[in-house]
Amino acid sequence: MRVAVEILTGTLFYIQVGNDATVADLKKEIEAQQKLPRDRLILFLSNKRRHLINEEGDGATLVDCGVQDGSHIYLFFDPVDHHDESTDHLVFTWPHSFLEQA
């Protein structure tokens, strides 16, 4: 099956996976194609149910998550590294105007 994946920056790309592919398989393909760490990918399916694919777990098949050929998936990126041993994390975003001044 071929699915469209869109990053909120507007980047749209396509991933080809088998009909029996799992969430983990899709994440591996995204990692290979886009060079993003798969353990930090958050996938949201845009269909009538509109739900977070990751809720089903990485072992769930894409079909069981409602994904089908031609589905549109939004990709979010978890900014927190969960492999870090500390329990305190601070996440913030610099204003775009601040970055332009630097």
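Trainee: What do the buried residues of H1 pack against?

Mentor: In this predicted model, they pack against strand S1 (2-7), strand S2 (12-16), strand S3 (41-46) and S5.

Trainee: Which residues of H1 are buried?

Mentor: Val23, Leu26, Lys27 and Ile30.

Trainee: What makes us say that they line one face of the helix?

Mentor: Look down the axis of H1. The buried residues fall within an arc of 100°, so they line one face.

Trainee: Why is lysine 27 called buried?

Mentor: The cut-off for buried is under 20% relative accessible area. Lysine 27 has 6%, so the residue counts as buried.

Trainee: What makes the pair of aspartate 58 and lysine 27 a salt bridge?

Mentor: The criterion is a side-chain nitrogen of Lys or Arg within 4 Å of a carboxyl oxygen of Asp or Glu. Here the N to O distance is 2.9 Å. The pair therefore qualifies.

Trainee: Which parts does that pair tie together?

Mentor: Aspartate 58 lies in the loop between strand S4 (51-52) and strand S5 (72-77). Lysine 27 sits in helix H1 (residues 23-34). The pair therefore ties together parts that are 31 residues apart in sequence.

Trainee: Is aspartate 58 buried, exposed or partly exposed, and why?

Mentor: Partly exposed, because its relative accessibility is 36%. Buried needs under 20% and exposed needs over 50%.

Trainee: How many salt bridges does the whole structure have?

Mentor: The search finds 2. Besides the pair of aspartate 58 and lysine 27, glutamate 31 forms one with arginine 38.

Trainee: Why is the pair of glutamate 31 and arginine 38 called a salt bridge?

Mentor: Their closest N and O atoms are 3.4 Å apart. The limit is 4 Å, so the pair counts.

Trainee: What is the exposure of glutamate 31 and of arginine 38?

Mentor: Glutamate 31 is partly exposed, with a relative accessible area of 26%. Arginine 38 is also partly exposed, at 35%.

Trainee: What follows H1?

Mentor: Lysine 35, with a positive phi near 60°. This residue is not a glycine. Lysine 35 lies in the loop between H1 and S3.

Trainee: Why is lysine 35 called exposed?

Mentor: Its relative accessibility is 68%.

Trainee: Where does valine 63 lie, and what does valine 63 touch?

Mentor: Valine 63 lies in the loop between S4 and S5. Leaving out residues up to four places away in sequence, valine 63 touches Met1 and Asn19. The C-alpha atoms of valine 63 and alanine 21 are separated by 8.0 Å, although these residues are 42 apart along the chain.

Trainee: What makes valine 63 partly exposed?

Mentor: Its relative accessibility is 48%.

Trainee: What pattern does the protein follow along the sequence?

Mentor: The order is β-β-α-β-β-β-α. That comes to 2 helices and 5 strands.

Trainee: How much of the protein is buried?

Mentor: Buried residues make up 29% of the 102 residues. The protein exposes about 6,900 Å², with 51% supplied by carbon and sulfur atoms.

Definitions and conventions:
Residues are numbered from 1 along each chain as its sequence is written. This is a predicted model: local features need pLDDT of at least 70, side-chain atom pairs count only at pLDDT 80 or more; totals for chains, interfaces and linings use all residues. Side-chain values use heavy atoms; hydrogens and water are left out. Helices (H or I, at least four residues) and strands (E, at least two) are DSSP runs, numbered from the N terminus. Buried means under 20% relative accessible area, exposed over 50%, partly exposed in between (1.4 Å probe, protein chains only). Accessible areas come from the Shrake-Rupley method with a 1.4 Å probe; for residues, only the protein chains shown count as cover. The arc is that of the directions from the helix axis to the C-beta atoms. Contact means heavy atoms within 4.5 Å.
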